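Subject: Handover of a structure

Dear colleague,

Please find below the structure that I am passing on to you. A description of what was found follows it.

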Amino acid sequence: MKKKKQKIAPWILPAFISMSIIQFLPGAISILMGFTNLGVQNITNIPSTKITGLNNFMEIFKKGTVVGNQFTISLLGTLEYTFFATLITFLFGLGLALLLNQEFPGRAFIRAALIVPWIVPGVVAAFIWRLMFLSDYGIINKLLRHGGIIKDNIFWLLEDKALFSLMIAHLWSNLPFVMISILAALQTIPEELYEACKIDGGNVFQRFVYISLPGIKNVSTMIVLLSFIKGAGEFTLPYVMYGRSAPPGKANLISILIYQTSFQTWEFGKGAAMSTVILVIMLIIAIFYMRLAMQEKAD
């Protein structure tokens with residue numbers, strides 16, 4: 001056993017060092033920055049930076065201040081966006097996967113067509129949706145007007161519809177990943193189980209509940225967790241869809257607020273504190289979700 005470990009160690013060490021330099025070290029530095037007063041006043045003189053303890057964390061949660069109010073709005077908006085975007089994407093992906101798991105003419109073509117959004121780069125996809133959501137010249141308003149559904153243009157990128165618009169764009173971009181993952185899991189389920197269920201008088205709903213759902217449970221757990229983490233750190237989509245201007249209200253997701261705080265107002269300490277808070281929240285959610293999933297698996 002010791003010899004095996006000695007043989008494996010040289011192969012793991014380079015990957016561990018690379019991961020430490022690329023991910024762990026910057027993450028640790030970011031967390032430490034949250035406890036300092038690093039900002040525009042001392043960015044050119046790092047040694048003059050002072051440790052301020054929990055001051056940055058207290059300020060971003062302080063009610064009545066610009067930073068505090070915006071952080072609360074962005075945090076709640078991010079959690080809302082992440083929850084509903086993950087839920088909607090998973091449900092649509094599940095539905096399409098179940099459909100594409102059936103035999104019908106043109107299935108291969110539809111599968112290939114549905115993968116296209118996944119291939120499109122995130123920046124390009126976000127810019128396309130920005131053009132489509134424009135109130136005056138966007139194709140969405142034009143189609144709705146021609147269909148007689150609306151009379152006046154809808155301002156999709158403003159006010160209360162801004163977060164919903166981001167969710168639609170997120171759905172389009174991330175649906176193929178969810179669909180393909182669930183479809184792959186469905187195709188590993190033996191056909192004999194469905195045949196046996198049919199013989200025993202099981203209907204479509206019963207076959208779905210007692211065969212399909214348990215068969216995709218492990219994959220679904222990972223899909224939901226990865227989608228939640230990705231949604232919480234969404235940056236490209238809102239940044240490109242709204243250009244350099246701040247998205248309105250809750251659509252100003254926490255990743256955008258961190259960017260604005262750190263690189264527009266140059267308050268690196270507060271920006272790092274915001275990053276640390278969202279990291280802790282995501283870790284708590286991820287640990288809770290994984291423990292719940294593992295407990296159900298053990299039962």
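The model is a predicted one. I begin with helix H12, in which Ile254, Ser255, Ile256, Leu257, Ile258, Gln260, Thr261 and Ser262 are buried. Because 8 of the 10 residues of this helix (residues 254-263) are buried, H12 is largely enclosed by the rest of the structure.

**The chain as a whole**

The chain holds 13 helices and 0 strands. Its 299 residues include 36% that count as buried. Of the contacts between residues at least 6 apart in sequence, 64% join residues at least 24 apart. The accessible surface comes to about 18,400 Å², and carbon and sulfur atoms account for 71% of it. The chain carries 24 positive and 15 negative charges, whose mean positions lie 11 Å apart.

**Salt bridges**

A search of the whole structure finds 5 salt bridges. One of them joins the side chains of Glu80 and Lys250, at 2.8 Å from N to O. Glu80 lies in helix H3 and Lys250 in the loop between helix H11 (236-241) and H12, so this pair ties together parts that are 170 residues apart in sequence. Both partners are partly exposed: Glu80 has a relative accessibility of 28%, and Lys250 has one of 39%.

Another salt bridge links Glu103 with Arg107, with 3.3 Å between the closest N and O atoms. Here Glu103 is exposed, at a relative accessible area of 70%, whereas Arg107 is buried, at 17%.

Glu267 and Lys270 also form a salt bridge, their closest N and O atoms being 3.0 Å apart. Salt bridges with shared partners bring Glu59, Glu267 and Lys270 into one network. Within it, Glu267 counts as partly exposed at 27% relative accessibility, and Lys270 counts as buried at 14%.

**Individual residues**

Thr89 belongs to helix H3 (residues 66-100). With a relative accessible area of 3%, Thr89 is buried, because the cut-off for that class is under 20%. Apart from its neighbours within four places in sequence, Thr89 is in contact with His170, Leu171, Asn174, Leu175 and Val178.

Trp11, in helix H1 (residues 2-33), is exposed, with a relative accessible area of 73%. Trp11 also contributes to a nonpolar surface patch of about 1,100 Å², together with Ile8, Ile12, Leu13, Phe16, Ile17, Met19, Ile21, Ile22 and Phe24.

Met58 is placed in helix H2 (residues 55-60) and is likewise exposed, with a relative accessible area of 57%. Between Met58 and Ile229 there are 171 residues in sequence and 25 Å in space, C-alpha to C-alpha.

Trp266 sits in the loop between H12 and helix H13 (268-298). Its phi is near 60°, which is a positive value in a residue other than glycine. Most residues other than glycine have a negative phi. Trp266 is partly exposed, at a relative accessible area of 41%.

With kind regards

Key. Residues numbered from 1 in each chain as written. Predicted model: local features only at pLDDT ≥ 70, side-chain atom pairs only at ≥ 80, totals over all residues. Heavy atoms only, no water. Buried < 20%, exposed > 50% of the residue type's maximum accessible area, 1.4 Å probe, protein only. Helix = DSSP H or I, 4+ residues; strand = E, 2+ residues; numbered from the N terminus. Contact = heavy atoms within 4.5 Å. Areas by Shrake-Rupley, 256 points an atom, 1.4 Å probe, with all protein chains shown as cover. Lys, Arg positive; Asp, Glu negative; His and termini not counted. Charge placed at Lys NZ, Arg CZ, Asp CG, Glu CD. Patch = residues over 30% accessible without salt bridge, like charges linked within 9 Å, V, L, I, M, F, W, Y side chains within 5 Å. Salt bridge = Lys/Arg side-chain N within 4 Å of Asp/Glu carboxyl O.
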